[in-house]
Structures are given as structure tokens and as C-alpha cells.
Amino acid sequence: MNTLLAPFTLSDNLSLTNRIVMAPMTRSMATDALVPTQEMAEYYARRAETGLIITEATIVAPLAQGYPNTPGLFSEEQVAGWKVVTDRVHERGGKIFAQIWHCGRVSHPVYLGGELPVAPSAVALSGRVPRTDGIQYGTPRAMTESDITAVIDAFALAAANARRAGFDGVEIHGANGYLVDQFLHWETNQRTDAWGGSPENMSRFVLDVINAVKNEIEHVGIRLTPVGYLHMAENPKDKAVFDYLLQQLNTCGLSYVHTGSEDDRVFNYIEGSMTQYIRRLYKSTVIASGSYTPERAVTMMENGDADLVAIGRPLIANPDYVGKIQAGLPLTPYHNAMLNQLV
Ligand code: FNR
């Protein structure tokens with residue numbers, strides 16, 4: 001386990017005490033004003049032994065919401081709530097990034113004060129909105145040029161707010177079929193203007209978001225799921241978009257690229273797992289994630305597939321995950337019922 005417990009330099013002025021990262025996990029426990037609570041501060045502080053905590057996805061603007069009680073980073077009250085969280089994590093020697101998020105079409109007017117969700121194109125999402133009485137997703141409104149500028153500005157403001165709230169950095173949520181990812185896939189991006197129609201144009205939104213966010217906070221990572229296909233249909237043409245984007249990311253000064261979930265699967269057309277594919281094209285720090293046991297994480301790192309591993313559900317079940325690994329103690333198995341409270 002020494003491989004996992006070895007320190008890691010994320011950049012000249014950001015060192016991690018070990019290579020275990022807490023994966024971002026939505027808990028829907030913020031207040032109705034989407035403010036993080038003291039209980040959330042204690043929940044994150046209990047996990048401060050991980051090399052880096054990435055918070056649950058945190059919305060950048062009111063129209064970014066898609067689930068109940070997910071925290072935000074756009075109001076002063078939210079900044080103050082997050083400051084309590086970051087202070088508690090830092091007191092315990094931890095490092096913490098905020099995952100900043102816009103749901104795009106994976107939302108419903110029930111979360112948006114009656115407004116339609118926005119997305120690159122007006123392409124319907126089918127399926128039931130979770131945690132509702134059978135409400136169905138619908139067709140979003142295609143973003144205008146000024147909507148796009150406003151959302152890029154909202155990401156920049158959330159990053160500036162994250163800095164003021166004491167975060168060590170931010171992770172742009174570019175994965176799992178949410179707004180950033182919607183620009184990167186052909187099913188959801190059918191635009192014919194400068195934001196769609198080619199890998200270059202489809203990558204423009206995320207590259208502009210990165211640029212705007214980098215202007216506000218020094219350490220910026222991104223989470224991507226090139227072939228995750230959560231909330232969207234598969235299309236083999238998508239690979240060319242990610243081939244282009246990942247190469248562009250080499251010159252963006254990012255702290256890391258983080259694979260979304262599903263790393264236990266090998267995909268033929270990217271010739272390996274998502275992490276292996278990202279590693280081939282992106283030449284700096286890579287975080288793997290998805291169903292990793294400590295043993296599999298060691299093998300994956302020793303094979304050179306990634307530098308760090310993000311652990312999700314096992315860290316919900318084991319707040320003392322790092323201590324247990326250090327001491328060689330067995331891990332408590334995760335159960336979905338554990339999501340009902342913040343332990
Ligand atoms: C997640 N996941 C997730 N991913 C993300 O990028 N932002 C998020 O807010 C969430 N929310 C979330 C909530 C819950 C309850 C779970 C279980 C998962 C995905 C998560 O970060 C991770 O990639 C997966 O859980 C796979 O890793 P594990 O759990 O197999 O280690």
C-alpha cells in the first residue's frame with residue numbers, strides 16, 4: 001500500500017500527503033438556500049486524511065441546478081458556508097477542491113423557478129427526474145450566444161468565490177452528461193455555429209470555461225467521461241472530439257484530468273479503460289476513478305495508468321479509509337442506505 005500512501009506534488013505549491021483522493025459525491029444535504037451546513041463541514045473534515053478532497057458537485061448559478069439541496073457557490077451565504085468547510089478541512093491538515101457544475105438539460109423547471117433548462121441544443125432527455133413523483137425530463141432551450149457568455153461568466157464567478165471561500169482549487173465538472181459534457185457529444189450538441197459541428201467547435205465551450213476559471217483561481221482540474229454515456233446516447237464520432245480536446249488540455253496549465261466513473265470497463269474503440277485513453281493523450285497528472293479497491297488502485301498506479309486514485313463509495317462507508325489502509329484494517333462495505341445521513 002506504500003504506493004497509495006506516498007506523497008504527491010500536484011504543483012510547485014500544492015503537495016498532497018498521499019495519492020488517495022475523495023471522489024466528488026452529491027449528497028443533497030445543503031439548506032434550501034443551497035448553503036453548506038456545519039454537518040457537511042464535519043463530514044468533509046472526517047475525511048481530511050485523504051490527499052485531496054473533491055467536494056460534491058456545486059452549482060455555479062441558480063439555473064445550473066438539477067437536484068434538490070445541492071450546494072451552490074454563487075451567493076455570499078454559500079461562500080460563508082463553504083469557508084466553514086474549508087477551515088475545518090485545513091485544520092485537520094487536508095486539501096480541498098470544489099467541483100463546479102452546471103446540469104444543463106439534466107434538470108427540470110421544478111428546480112428552476114419554472115424556467116426551462118438550457119443546453120447546447122434543444123434535444124430532449126427522456127427518463128424520470130430522480131426524487132420526484134414521476135416527473136419526466138423534457139426538451140431544454142437551446143442556449144443563445146449571450147446564454148453561453150453568461151454561463152462561462154458564472155463558472156468564473158464560482159471559481160473566484162471558491163478562492164474566497166478558502167478552497168485550494170476547483171474541479172470543473174465536465175463529465176456524466178451535464179452541461180460541459182453536452183457540448184462535447186454529437187447527440188446533445190447539434191449546433192451549426194462556432195460552438196458545434198466539429199471537434200474544434202464542440203471543444204470551444206469547455207476550453208473557454210477553463211480559461212475563464214484559470215483567471216480566477218490557480219489550481220484547476222477537470223473531470224471528463226469521454227465514453228461515460230450517462231444521460232446521453234452513444235456515438236462513435238464522439239471519440240474524435242475527445243482526441244482533439246485532450247491534446248488541447250496539454251497546454252491549459254491544468255492541475256489534473258480526472259476520469260469519471262466506470263473505470264472497471266474496457267471499451268474497444270478507445271482501446272482500453274477511460275483512464276488509459278486519457279493517459280495516452282494527456283501528458284500530465286491523471287486521476288483514475290471507478291470501483292477501485294486499494295489493491296486494484298496499486299496495480300493501476302504501478303502500471304502507470306494514473307498518478308492518483310479517486311475513491312467514492314468506500315469513503316462514504318469508511319470516513320477513516322486512509323487510517324484503515326495504513327493499519328491494514330478491513331474496510332466496511334458500502335450500502336446505498338448509507339446515503340441517508342452524513343456520517
Ligand atoms: C457520485 N459521483 C459523482 N461524480 C461527480 O463527478 N460529481 C458528483 O457530484 C457525483 N455524485 C455522486 C454521488 C454518489 C452518491 C455516488 C455514489 C457517486 C460519481 C463518483 O464521483 C465516483 O466516480 C463513482 O462513485 C465511482 O467511484 P467508486 O464509488 O466506485 O469509488
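Q: How many nonpolar, polar and charged residues are in the shell around the ligand?
A: In this predicted model, the shell holds nine nonpolar, 10 polar and three charged residues.

Q: Which residues come nearest to the ligand?
A: Ala23, Thr26, Ala57, Gly312 and Arg313, out of the 22 residues around the ligand.

Q: And which elements give two or more residues to that shell?
A: Those are β4 and α10, the latter spanning 313–317.

Q: Switching to helices. At what angle do α4 and α6 pack?
A: About 35°, with the axes 8 Å apart. Here α4 covers residues 145–164 and α6 covers residues 199–214.

Q: Is the crossing of α4 and α6 left-handed or right-handed?
A: Right-handed.

Q: Which residues make the contact?
A: From α4, Ile148, Ile152, Phe155, Ala156 and Ala159. The α6 side supplies Phe205, Asp208, Val209, Ala212 and Val213.

Q: How do the residues of that contact divide between nonpolar, polar and charged?
A: Nine are nonpolar, none is polar and one is charged.

Q: Now α3. How many residues does α3 have, and how far does it reach?
A: Helix α3, residues 76–91, has 16 residues. Its first and last C-alpha atoms are 22 Å apart, close to the 22 Å expected at 1.5 Å a residue.

Q: Which residues of α3 are buried?
A: Gln78, Val79, Gly81, Trp82, Val84, Val85, Thr86, Arg88 and Val89.

Q: What covers the buried residues of α3?
A: The cover includes α2 (38–45), β4 (52–59), β5 (96–101) and α4. Strand β4 also gives two or more residues to the ligand shell.

Q: What follows α3?
A: Glycine 93, with a positive phi near 85°.

Notes. Residues numbered from 1 in each chain as written. Predicted model: local features only at pLDDT ≥ 70, side-chain atom pairs only at ≥ 80, totals over all residues. Axes fitted to C-alpha atoms, helices over the stretch in contact; angles between N-to-C directions. Helix = DSSP H or I, 4+ residues; strand = E, 2+ residues; numbered from the N terminus. Left-handed = near helix turned anticlockwise from the far one by under 90°. Contact = placed C-beta atoms within 7 Å. Nonpolar A, V, L, I, M, F, W, Y, C, P; charged D, E, K, R; others polar. Expected span 1.5 Å × (residues − 1). Buried ≥ 20, exposed ≤ 12 C-beta atoms within 10 Å, placed from the backbone. Near = placed C-beta within 6 Å.
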